[in-house]
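Subject: Structure for your review

Dear colleague,

My notes on its side chains follow.

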Amino acid sequence: MSDCIFCKIIAGQIPSAKIYEDELVYAFLDISPINFGHTLVIPKEHHQSAATIPEATAGRMFHVASRIGILLKRLDEFDAYNLHLADGTAAGQVVMHAHLHVIPRGAEDEFRWNWRQLTYPEGKMAEIAADISAKLKEKLAN
Ligand code: AMP
Ligand code: ZN
């Protein structure tokens with residue numbers, strides 16, 4: 001995609017602090033990190049949504065991201081890491097080339113996710129699970 005900032009990074013038209021690349025994925029430091037070392041792992045092929053990334057590439061993204069997470073823990077004495085992917089604007093996706101964030105975390109890093117926890121009304125949980133489960137079978141078969 002000619003106007004995609006991450007495609008331009010892969011092509012070397014925009015500079016990046018590269019961590020890793022292979023035939024399927026490219027990893028580089030996020031320019032505005034939550035903590036230093038915050039990395040983005042992206043497919044080399046342009047995909048707006050994670051849902052269209054081929055399984056081998058998606059698997060490689062997860063594999064590389066988790067290895068980077070482990071390394072960040074060792075290198076910088078972080079305690080843990082988050083993997084995060086925003087798929088769609090309402091989910092917080094700003095750059096429309098799918099990307100997996102690797103966010104190193106420390107127990108005292110003072111960053112908090114605003115993760116709310118709702119309660120299902122009676123029967124709703126089973127209803128939603130059955131609905132998703134039936135439709136997922138069709139999706140995975142295609
Ligand atoms: P998201 O909100 O999940 O779409 O995240 C997009 C991320 O891309 C943000 O964390 C930005 O800081 C990061 N970002 C945007 N432009 C660049 C760039 N040129 N180099 C590195 N990271 C970038
Ligand atoms: Zn792109």
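K18 counts as partly exposed, because its relative accessibility is 46% (buried means under 20% relative accessible area, exposed over 50%, and partly exposed in between, with a 1.4 Å probe and protein chains only). This is a predicted model, in which local features need pLDDT of at least 70 and side-chain atom pairs count only at pLDDT 80 or more, while totals for chains, interfaces and linings use all residues. Residues are numbered from 1 along each chain as its sequence is written, chains are lettered from A and ligands numbered from 1 in the order in which they are written, and side-chain values use heavy atoms, with hydrogens and water left out.

The side chain of K18 forms a salt bridge with that of E21, at 2.6 Å from N to O. A salt bridge here is a side-chain nitrogen of Lys or Arg within 4 Å of a carboxyl oxygen of Asp or Glu. By this rule, the count is 8 salt bridges. E21 is likewise partly exposed, as its relative accessibility is 34%.

A second salt bridge joins the side chains of R60 and E23, at 3.4 Å from N to O. R60 belongs to helix 2 (residues 55–76), whereas E23 is in the loop between strand 1 (18–21) and strand 2 (25–29), so the pair ties together parts that are 37 residues apart in sequence. Helices (H or I, at least four residues) and strands (E, at least two) are DSSP runs, numbered from the N terminus. E23 counts as exposed because its relative accessibility is 57%; R60 is partly exposed, with a relative accessible area of 24%.

A further pair is D131 and K135, whose side chains meet in a salt bridge at 3.0 Å, N to O. Both residues lie in helix 3 (residues 124–141), 4 residues apart, which is about one turn of the helix. D131 is partly exposed at 40% relative accessibility, and K135 is partly exposed with a relative accessible area of 48%. Elsewhere, salt bridges that share partners join K18, E21 and K44 into one network.

Apart from its neighbours within four places in sequence, T57 is in contact (heavy atoms within 4.5 Å) with L24, V25 and P43.

Yours sincerely
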